[in-house]
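This report goes through one protein model, part by part. Please keep the structure in view while reading.

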Amino acid sequence: MTPQFFDHNFLDKIFDSTYFETIIVDNNGKIKYISRNYCDFLNVARETIIGEYVPNVIENTRMHIVVQTGKPEIGELQFLKGNYVVANRIPIFQEKKIIGAIGTIIFRDLDDWKKMNTHIKEVFSNHNFFVEEKQFKNSSKYDLNDLVGTSEEIINLKEKIKKISRGNISVLIRGESGTGKELVAHSIHKYSERSDKPFIKVNCGAIPEQLLESELFGYEEGAFTGAKKGGKPGKFQLADGGTIFLDEIGDMPQHMQVKLLRVLQEKEIEAVGGLYPKKVDVRLIAETNH
C-alpha cells in the first residue's frame with residue numbers, strides 16, 4: 001500500500017466533493033481514514049477516532065467483517081444514529097491480499113432513498129422510457145405528466161403527490177367532479193414503491209349495495225345462492241402488495257365503512273361466508289366529491 005492511499009489531504013480532495021460519507025479501514029478493522037462529512041454525521045472529531053477499532057466508533061458496522069470475509073456488501077441496511085441508512089462496504093485488495101476496506105453511506109435514511117426512487121421514476125416518466133412493468137389486468141395508466149398546468153397551485157400539488165407517494169399512508173382525495181382526482185390517485189401509485197404491483201380501481205357508486213361486500217372482500221364457495229364454485233377473491237385480495245383505489249367512497253354504505261375500518265386497523269379481510277380472516281398488504285387511496 002502506498003503512503004498516499006492513507007494521506008488525508010489527498011483523500012479529502014476526492015471525498016469532500018462527494019455526497020457519500022466515506023470510511024477506510026485496514027485489514028485489522030482499524031480506521032485509517034474517515035471523511036469530514038461522515039465525522040459531522042457521527043458528531044465526532046476526526047483526530048480522536050483515527051486508529052480506533054471501527055466497531056468501537058460506528059454502531060452496527062460490518063467493516064471489520066468485510067476485511068475478514070473479503071466479500072463486498074452492497075446496498076445493505078444499517079441502523080445508525082437512530083435511523084436506517086443504506087451502506088456499501090467493499091474490500092480492498094493488493095496482490096490478491098486484503099489490505100483493508102472502504103465503506104460509504106449512500107443514503108442517510110430511508111426517506112433519502114425514497115426521494116431518489118421517486119425522482120428516478122419521474123425522470124423516466126418525463127422522457128417516456130419507463131422500464132416496462134409487469135402488466136396487470138388493472139394497473140395505473142396516468143402520471144404527473146397528465147396533470148396539465150404550470151400554475152403555482154399545480155406545481156405545489158405535484159410536489160405534494162411525490163412526497164405522499166413515498167409512504168404507505170392511506171390517502172383521501174377531495175375535489176369537485178372533473179378536477180382530476182383519479183389522475184392524482186394513479187400518480188401516487190406510479191411513483192410509489194408499489195408501482196410494479198397491482199393498482200385496482202373500484203367505483204363504489206356503480207356497484208349495487210348488496211354486492212359491494214363480496215366485490216371488495218370476495219366470497220367462499222357456497223356463501224350464497226349462485227356463488228361460483230371455489231369462491232372468488234375480492235378486490236382487496238387482487239390488490240395485495242399494491243394499491244386499491246376506492247372511487248366515490250362517499251357513496252359507500254355506512255355498514256361497509258365499518259368493515260373497511262377493520263381492514264385499515266388490522267390489515268385483514270373476511271370473505272363473505274369465510275371462517276377466518278385473511279391478511280392483506282394493501283395501500284388505500286380513496287376519493288370523493290362530497
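## A pair of strands

Which residue in strand 5 does Val86 stand opposite? Val86 stands opposite Phe107. Strand 4 (residues 83–94) and strand 5 (residues 97–107) are joined by nine bridges in the antiparallel sense. Strands here are DSSP runs of E with at least two residues, helices are runs of H or I with at least four, and both are numbered from the N terminus. Two strands pair if DSSP finds at least two bridges between them.

The model is predicted: local features need pLDDT of at least 70, side-chain atom pairs count only at pLDDT 80 or more, and totals for chains, interfaces and linings use all residues. Residues are numbered from 1 along each chain as its sequence is written, and side-chain values use heavy atoms, with hydrogens and water left out.

Five strands make up an open sheet with antiparallel pairing, in the order 2-1-5-4-3. Strand 2 (31–34) and strand 3 (73–80) are at the edges with a single partner strand each, so one side of each has no neighbour in the sheet. From one strand to the next, the twist averages 25° (axes are lines fitted to C-alpha atoms, and angles run from 0 to 180 degrees between N-to-C directions).

## Strand 8

In strand 8 (residues 243–247), five of five residues are buried, that is, under 20% relative accessible area with a 1.4 Å probe and protein chains only. In a regular strand, side chains alternate between the two faces of the sheet. Thr243, Phe245 and Asp247 are on one side of strand 8, Ile244 and Leu246 on the other, and both faces are covered.

Strand 8 runs parallel to strand 7 (residues 199–203), with five bridges between them; Phe199 has Thr243 as its bridge partner. Four bridges join strand 8 to strand 11 (residues 283–288), also in parallel, and there Leu246 is partnered by Ala286.

Glu248 lies in the loop between strand 8 and helix 10 (254–266). Glu248 counts as buried because its relative accessibility is 17%. Glu248 and Ala286 are 38 residues apart in sequence, yet their C-alpha atoms are 7.4 Å apart in space.

Leaving out residues up to four places away in sequence, Glu248 touches Asn203, Cys204, Gly205, Glu287, Thr288 and Asn289 (contact means heavy atoms within 4.5 Å).

Methods:
Buried < 20%, exposed > 50% of the residue type's maximum accessible area, 1.4 Å probe, protein only.
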